[in-house]
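Here is a chain to read through by way of questions. Each answer works towards a single value or name.

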Amino acid sequence: MTIETTGALPRLADRSPAITGAEIAASLVPPSQFEHATFESYRPDHDYPSQSEAVATLKLFAKSWEPQRPAGLFSRSRRKVEAMKPGVYLDGGFGVGKTHLLAALWHEAPGPKYFGTFIEYTALVGALGYAGAVELLRGSTLICIDEFELDDPGDTMMMTRMLGELVASGTRIAATSNTPPNALGEGRFAASDFLREIQSLSANFQTLRIDGLDYRRRDTSGQAVSVDAAEYDRVLAALTARGETATSDTFDGLIAHLATVHPSRYIKMLDGVDVIGLADVHVLHDQMAALRLVAFVDRVYDAEIPIVQTGTALSEVFDDEMLGGGYRKKYLRSVSRMIALTAGELPPHDE
């Protein structure tokens, strides 16, 4: 059965939000689930010592913002801090806690400071111009870049140039990255490839390798949850009845709409939404559409908005060619997030 919409529920496909440079800058903070992230709340897996070692190194990195102590006191620690490079790169697979650690470091830094994805920083440049973005970010103590995109050489060069200017003015940088085309591997991006792509800036980065298992897979089954048409209608109606804001879109309708909205604005599409209904999901064969879905799911995951869906399970939405290609790790990360987003408890039938 094909579902158009449920009743008069709003559609995400009807939202085409604009976003200003000031709004982008104000949004450059950690996602809500990492609003209170600390090094202490990070739970390292003791089977992977690199996780505890990364925490220790990041704590040392954070000491660069502490007031200088009189000469001779704690001199060994001070020498270690002064020897650290102005940038750190967290190198690890998806689901090992890189974003948590990045956010914990951000919370340790005094202001002004910024935390965002690569897409958000490039959108800032688009809104303010290169010089305007540099001027806004200049003087910041720390810039955190989650999911540094390496797929677009032009954007990578532009960001490298901008970060180089900021490092020269005293700003410290912390970054993670995702997978570029043809960089295959089991859920992790090779640090050597990241450093090669950022070229002249690479000497400023210390690499922290973080091994481990995807923590999302510890708590979820191996497949996203899909319901039938009747259950879809019932669940969205029950959630709406108890005061939650639910949207309802067809999968094709949402995918088509995402092509008309810049990814930096996906998060604003989700303002005020508590639950997303997505009907008639099917396998994708268009890579550009699949990559837009990945970017959208990242924003939904950051906003912690559950998804109710019909059709093919979202975890099966990427075809075999995609899962065997250069963006494989992006898709696998998105699969783990979609499993988590559809695994929420549904309202009972008597609601």
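The questions below concern a predicted model.

Q: What percentage of the residues of the chain count as buried?
A: A residue counts as buried when its relative accessible area is under 20%. The chain has 351 residues, and the part of them that counts as buried is 53%.

Q: Among contacts between residues at least 6 apart in sequence, what share joins residues at least 24 apart?
A: Contact here means heavy atoms within 4.5 Å. Of the contacts in the chain between residues at least 6 apart, those joining residues at least 24 apart make up 84%.

Q: Are Arg 333 and Asp 298 buried or exposed?
A: The limit for a buried residue is a relative accessible area under 20%. Arg 333 has 9% relative accessibility, so Arg 333 falls below that limit. Asp 298 has a relative accessible area of 3%, so Asp 298 also counts as buried.

Q: Which residues are linked with Asp 298 and Arg 333 in a network of salt bridges?
A: By the 4 Å rule, the count of salt bridges comes to 13. One of them joins Arg 333 and Asp 298. The network that holds this pair also includes Glu 147 and Arg 337.

Q: How far apart are N and O in the salt bridge of Asp 302 and Arg 299?
A: Both residues lie in helix 13, three residues apart, about one turn of the helix. Asp 302 and Arg 299 are both buried. Their side chains meet in a salt bridge with an N to O distance of 2.9 Å.

Q: In the salt bridge of Glu 165 and Arg 161, which residue is exposed?
A: The side chains meet at 3.8 Å, N to O, and both residues lie in helix 7 (residues 153-168), four residues apart, about one turn of the helix. Glu 165 has 29% relative accessibility, so Glu 165 counts as partly exposed. A relative accessible area over 50% is needed for exposed; with 52%, the exposed residue is Arg 161.

Q: At what angle do helix 5 and helix 6 pack, and what is the hand of the crossing?
A: Helix 5 (residues 118-128) and helix 6 (residues 130-137) have their axes 6 Å apart. The angle between them is about 120°, and the crossing is right-handed.

Q: How many nonpolar, polar and charged residues are in the contact of helix 5 with helix 6?
A: From helix 5 come Tyr 121, Leu 124, Val 125 and Leu 128, and these meet Tyr 130, Gly 132, Ala 133, Leu 136 and Leu 137 in helix 6. Gly is classed as polar. By class, the contact has eight nonpolar, one polar and no charged residues.

Q: Which backbone nitrogen does the side chain of Gln 309 reach?
A: Gln 309 lies in strand 8 (residues 307-311) and, at 0% relative accessibility, counts as buried. Its side chain reaches the backbone oxygen of Thr 312 at 2.9 Å. The side chain of Gln 309 also reaches, at 2.7 Å, the backbone nitrogen of Leu 314.

Q: What distance separates the C-alpha atoms of Met 322 and His 285?
A: Met 322 lies in helix 14 (residues 320-323) and is buried, with a relative accessible area of 3%. Leaving out residues up to four places away in sequence, Met 322 touches several residues, among them Leu 284, His 285 and Tyr 331. Met 322 and His 285 are 37 residues apart along the chain, and their C-alpha atoms are separated by 8.0 Å.

Definitions and conventions: Residues are numbered from 1 along each chain as its sequence is written. This is a predicted model: local features need pLDDT of at least 70, side-chain atom pairs count only at pLDDT 80 or more; totals for chains, interfaces and linings use all residues. Side-chain values use heavy atoms; hydrogens and water are left out. Helices (H or I, at least four residues) and strands (E, at least two) are DSSP runs, numbered from the N terminus. Buried means under 20% relative accessible area, exposed over 50%, partly exposed in between (1.4 Å probe, protein chains only). Axes are lines fitted to C-alpha atoms, for helices over the stretch in contact, and angles run from 0 to 180 degrees between N-to-C directions. A crossing is left-handed if the near helix is turned anticlockwise from the far one by less than a right angle, and right-handed if clockwise. A polar contact is a pair of N or O atoms within 3.5 Å; within protein, one must be able to donate a hydrogen and the other to accept it, and residues adjacent in sequence count only if both atoms are side-chain atoms.
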